[in-house]
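Here are my notes from an afternoon of looking things up in this model.

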Amino acid sequence: MSKETTRQNILETALQLFSTKGYSSITTKEIAKKAGISEMTVFRHFDTKRSIFTSVIQELMYAPEMERIHSHQFTWNLKEDLTMIS
């Protein structure tokens, strides 16, 4: 498994676990087990559970949706665009 594939696997697994059990209830050990890797591998990619969570938000949730909105739905009217985003 490539480094990028492993990283994506960690993020996708973390997203699933955070969504079902909540941030506080999940450990890096659980993320690793569900992803089929060692906890050390998780820490080779991310410093903390918080950095995993931040990456999930930025890479799997926020960025793709904002890219879709940006490329297809912006009217370039500030008020309308901010209302749509919110």
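**Rings and their neighbours**

I began with Phe18, which is buried at a relative accessible area of 9% (buried is under 20%, exposed over 50%, partly exposed in between, with a 1.4 Å probe and protein chains only). A note on my source: this is a predicted model, where local features need pLDDT of at least 70, side-chain atom pairs count only at pLDDT 80 or more, and totals for chains, interfaces and linings use all residues. Residues are numbered from 1 along each chain as its sequence is written, and side-chain values use heavy atoms, leaving out hydrogens and water.

Next I looked up aromatic pairs and found 3 in the whole structure (ring centres of Phe, Tyr or the six-membered ring of Trp within 6.5 Å; planes under 30 degrees apart are stacked, over 60 edge-to-face, the rest tilted). Phe18 and Tyr23 have ring centres 5.5 Å apart and planes at 40 degrees, so I logged that pair as tilted. Tyr23 also pairs edge-to-face with Phe53, at 5.1 Å between centres and 65 degrees between planes. Tyr23 lies in the loop between helix H1 (3–21) and H2, and Phe53 in helix H4 (residues 49–72), so this pair ties together parts 30 residues apart in sequence (helices are DSSP runs of H or I, at least four residues, numbered from the N terminus).

I found Tyr23 partly exposed at 27% relative accessibility, and Phe53 partly exposed too, at 31%.

**A look at Thr28**

Thr28 lies in helix H2 and is buried, with a relative accessible area of 10%.

How values were computed: Helix = DSSP H or I, 4+ residues; strand = E, 2+ residues; numbered from the N terminus.
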